[in-house]
Amino acid sequence: MTGNNIVGIIYSNIYDECLSEMTGLRTMGSVPFAGRYRLIDFPLSNMVNSGIEKVGVITKSNYQSLMDHLGTGKPWDLSRKTEGMFILPPFASAGNKGFYSGRVEALKANMGFIARSTEEYILFADCNNIINLDIDELMDYHTEKAADITIVYKHGKCPSLQNNMAFSLDDDSRVRMVAMTPASDTIVDYSMNIILMKKSLLERLVNDAVSLNHESFERDIIQSNVAKLRIFGFEAKGFSLTVDSMQSYFDANMQLLDPDNCKQLFNSERPIYTKVRDDMPAIYGLGSSVKNSLVANGCIIDGEVENSILFRGVRIEKGAVVKNSILCQGSFVASGSSLNYTVTDKSVAITPNKNLSGAEDYPVYVGKGIVI
């Protein structure tokens with residue numbers, strides 16, 4: 001493992017607006033996923049699996065749920081007397097009482113944390129990318145290419161995200177051109193915003209950007225330095241997705257009903273860790289029917305469930321039918337009710353004889369704590 005020479009930085013709030021339905025009361029990092037996880041579990045687990053011992057989590061707003069989930073960092077072995085996990089403040093600077101407006105301002109506000117770090121390299125990650133990444137392999141690639149900056153990219157349909165980067169690569173995978181926010185329906189090599197570079201280089205680039213009143217990390221640091229720096233792309237292999245909307249969030253969950261996708265993401269050699277919540281095993285009542293679904297512990301199922309994902313503590317009464325849906329923690333579906341292509345947030349209650357039905361390309365969303 002080479003991670004003990006890398007400090008990790010995770011942006012917990014970047015792209016909150018693209019999943020506004022679920023981030024009104026939480027950060028992107030604390031959005032529930034795959035029955036028992038939160039989105040921040042993936043970048044955190046990727047880092048600790050490679051031996052990274054110091055991780056800073058940059059917050060901005062609505063981070064109460066995130067702090068409850070992360071705690072001291074114990075599930076990721078980051079609860080330590082030295083190094084470990086650090087929750088970094090959301091304020092732009094001592095003289096500015098407002099929140100940071102972009103990546104550069106967030107980095108400048110936390111430059112003290114970065115400067116005090118003794119590690120030689122720094123690795124950035126967002127929380128809207130679902131990937132099990134071998135960071136040791138990324139570091140070896142960075143060293144082999146003698147790269148100044150290495151960015152993980154994926155070949156596919158470009159996500160609809162502000163300031164998203166698409167690359168033009170040469171035969172050696174060196175980035176020769178960066179396009180900003182290309183059309184979302186095009187097939188490109190797009191950035192997953194997992195970026196590795198030397199800490200000293202980052203400090204210089206950020207200080208230069210701040211002195212020139214630049215705010216965009218992607219445009220003013222990456223795009224403007226393509227010709228000056230050795231920037232390389234590292235292609236993401238296997239199952240990996242970027243969440244840019246409720247539709248992509250729904251699709252990402254549903255794709256895990258394919259065992260092959262599930263095995264690629266939840267690799268036993270590089271486990272995905274999360275906060276442990278002890279609960280009883282799921283209970284399946286007499287006459288219940290469950291097909292092709294992910295069911296977390298603590299669920300009580302007396303009705304019918306098919307092609308769905310149930311988080312902890314979900315209860316499906318006898319006579320209720322749930323198909324092609326995602327039910328977050330503590331949701332309840334009463335007898336006689338039917339859900340199809342529906343996403344319920346935490347603690348939603350569906351009273352008897354209700355019928356909610358969306359479509360495969362337009363799932364219905366029910367907000368946290370709502371009773372229907």
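So, which residue in strand 24 is the bridge partner of leucine 310? Keep that one in mind for a moment. Before I get to it, a reminder that what you have up there is a predicted model.

We've got 5 strands making an open sheet, and the order runs 18-21-24-27-30, with parallel pairing. Strand 18, at 294-295, and strand 30, at 364-366, sit at the edges, each pairing on one side only. Inside that order, strand 21 (residues 309-310) is joined to strand 24 (residues 326-327) by 2 bridges, and the two run parallel. And there's the answer to my opening question: leucine 310 has leucine 327 as its bridge partner.

While we're around strand 27, have a look at aspartate 345. You'll find aspartate 345 in the loop between strand 27 (342-344) and strand 28 (349-350). Buried or exposed, what would you guess for aspartate 345? Well, its relative accessibility is 2%, so it counts as buried. Leaving out residues up to four places away in sequence, aspartate 345 touches Met22, Arg26, Cys328, Ser331, Tyr365, Val366, Gly367 and Lys368.

Strand 11 (residues 165-169) and strand 12 (residues 175-180) run antiparallel, with 5 bridges joining them. That hairpin has 5 residues between the strands, and serine 173 there takes a positive phi near 70°. Strand 11 is also joined to strand 13 (residues 187-198), again antiparallel, by 2 bridges.

Now the inside. The largest nonpolar core has 103 residues, and Phe33, Ile149 and Tyr249 have the most contacts inside it.

Isoleucine 149, not counting residues up to four places away in sequence, touches a whole list, including Ile195, Leu196 and Met197, plus Arg230, Ile231 and Phe232. Tyr249 belongs to helix 9, where it is buried along with Met246, Ser248, Phe250, Ala252, Asn253 and Met254. That makes 7 of the 10 residues of helix 9 (residues 246-255) buried, so the helix is largely enclosed by the rest of the structure.

That's my tour, thanks.

Definitions and conventions: Residues are numbered from 1 along each chain as its sequence is written. This is a predicted model: local features need pLDDT of at least 70, side-chain atom pairs count only at pLDDT 80 or more; totals for chains, interfaces and linings use all residues. Side-chain values use heavy atoms; hydrogens and water are left out. Two strands pair if DSSP finds at least two bridges between them. Helices (H or I, at least four residues) and strands (E, at least two) are DSSP runs, numbered from the N terminus. Buried means under 20% relative accessible area, exposed over 50%, partly exposed in between (1.4 Å probe, protein chains only). A nonpolar core is a set of buried Ala, Val, Leu, Ile, Met, Phe, Trp, Tyr and Cys residues joined through side-chain atoms within 4.5 Å. Contact means heavy atoms within 4.5 Å.
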